[in-house]
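Open the model in your viewer and keep the sequence panel beside it. Each stop below tells you what to select and what you will find there.

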Amino acid sequence: MFNLLLSYLNFYTYRISVPNKKENMENLQKKLGEVLGLERAAQKAVDELIEMKLLKSESKNEAKEIQGEASTHEEKIQEVASVYSEDKNVRLDVAKVEESAKETEEKAAKIMETYLGEKPDTSEALEFLCLAEGVEVAHYEVLQAICSNFDNKKALTSIKSILKEEQRHLSQCIDMAKAAVSA
Ligand SMILES: [Fe+2]
């Protein structure tokens with residue numbers, strides 16, 4: 001019976017691979033960088049869409065508000081990174097976060113260019129914002145799961161509050177995209 005139990009437990013250790021401390025830290029650095037890069041790319045995207053005259057009146061103002069919040073999120077993520085770098089149980093490397101942020105920002109800019117193509121219209125511009133916000137929501141969800149592996153309340157609370165705002169951004173963008181095609 002005991003042997004059976006042991007083989008059962010062994011089976012489980014093979015099936016579920018929980019990240020170790022080092023993997024957790026690397027995941028955290030990468031994901032924090034990714035959300036940082038996404039926030040920076042989102043701010044630039046709004047400027048570019050306005051410059052291309054694709055956002056008009058109400059949606060322009062709403063996109064500007066979202067852009068302002070993206071800037072606040074950028075600052076908050078930098079704070080979270082510094083909280084984790086000072087946490088002696090984590091000792092996160094801020095330079096690695098910045099490296100990942102840069103890579104993500106470049107990728108996001110390329111995706112935007114591909115998505116909009118040669119002659120984008122307002123609908124495509126708003127749908128691109130939906131895409132960007134959707135990606136942000138997904139990344140913050142995963143980041144929240146990673147942060148739950150660390151015992152740092154301050155950082156986790158901050159991520160949770162940004163995730164809520166990102167979920168709101170996504171519904172705002174979906175509403176704007178729908179309004180653009182409604183009579
Ligand atoms: Fe956002």
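**Stop 1: the whole chain**

Keep in mind that this is a predicted model. Show the protein chain as a cartoon. It has six helices and zero strands. Read along the sequence, the pattern is α-α-α-α-α-α. Now look at the overall extent. The C-alpha atoms fill a box of roughly 70 × 40 × 25 Å along the principal axes. Of the 183 residues in the chain, 31% are buried. Next, consider how the chain meets itself. Take the contacts between residues at least 6 apart in sequence: 77% of them join residues at least 24 apart.

**Stop 2: helix H2**

Select residues 21-51, which form helix H2. H2 has 31 residues. From first C-alpha to last, H2 reaches 45 Å, close to the 45 Å expected at 1.5 Å a residue. Then step to Lys53, which follows H2. Its phi is positive, near 60°.

**Stop 3: H2 against H5**

How do the two pack? Two packed helices are described by the angle between their axes and the distance between the axes. For H2 and H5, the angle is about 160° and the axes are 10 Å apart. That angle makes H2 roughly antiparallel to H5. The crossing of H2 past H5 is left-handed.

Now show side chains where the two helices meet.

- On the H2 side, pick residues including Asn24, Asn27, Leu28, Lys31, Leu32 and Glu34.
- Further H2 residues in this contact include Val35, Leu38, Ala42, Ala45 and Leu49.
- On the H5 side, pick residues including Ala125, Ala132, Val135, Glu136 and His139.
- Also among the H5 residues are Tyr140, Val142, Leu143 and Ile146.

Colour this set by residue class. The contact of H2 with H5 divides into 14 nonpolar, three polar and three charged residues.

**Stop 4: helix H3**

Select residues 57-86 for helix H3, which has 30 residues. Its end C-alpha atoms are 44 Å apart, close to the 44 Å expected at 1.5 Å a residue. Which residues of H3 are buried? They are Ser59, Ala63, Ile66, Ala70, His73, Ile77, Val80, Ala81 and Tyr84.

**Stop 5: Asn89**

Move on to Asn89, in the loop between H3 and H4. Is Asn89 buried or exposed? It is exposed, because 10 other C-beta atoms lie within 10 Å.

**Stop 6: helix H6**

Select H6, a helix of 27 residues. At 1.5 Å a residue H6 should span 39 Å, and its end C-alpha atoms are 39 Å apart, which agrees. Highlight its buried residues: Ala155, Ile159, Ile162, Glu166, His169, Leu170, Cys173, Met176 and Ala177. H3 and H5 are among the elements that cover them.

**Stop 7: Ser182**

Finish at Ser182, in the segment after H6. Ser182 counts as exposed because it has 6 C-beta neighbours inside 10 Å. Draw one last distance, to Ile111. These residues are 71 apart along the chain, and their C-alpha atoms are separated by 27 Å.

Notes
Residues numbered from 1 in each chain as written. Predicted model: local features only at pLDDT ≥ 70, side-chain atom pairs only at ≥ 80, totals over all residues. Helix = DSSP H or I, 4+ residues; strand = E, 2+ residues; numbered from the N terminus. Expected span 1.5 Å × (residues − 1). Buried ≥ 20, exposed ≤ 12 C-beta atoms within 10 Å, placed from the backbone. Contact = placed C-beta atoms within 7 Å. Axes fitted to C-alpha atoms, helices over the stretch in contact; angles between N-to-C directions. Parallel < 35°, antiparallel > 145°, perpendicular 65-115°, else oblique. Left-handed = near helix turned anticlockwise from the far one by under 90°. Nonpolar A, V, L, I, M, F, W, Y, C, P; charged D, E, K, R; others polar.
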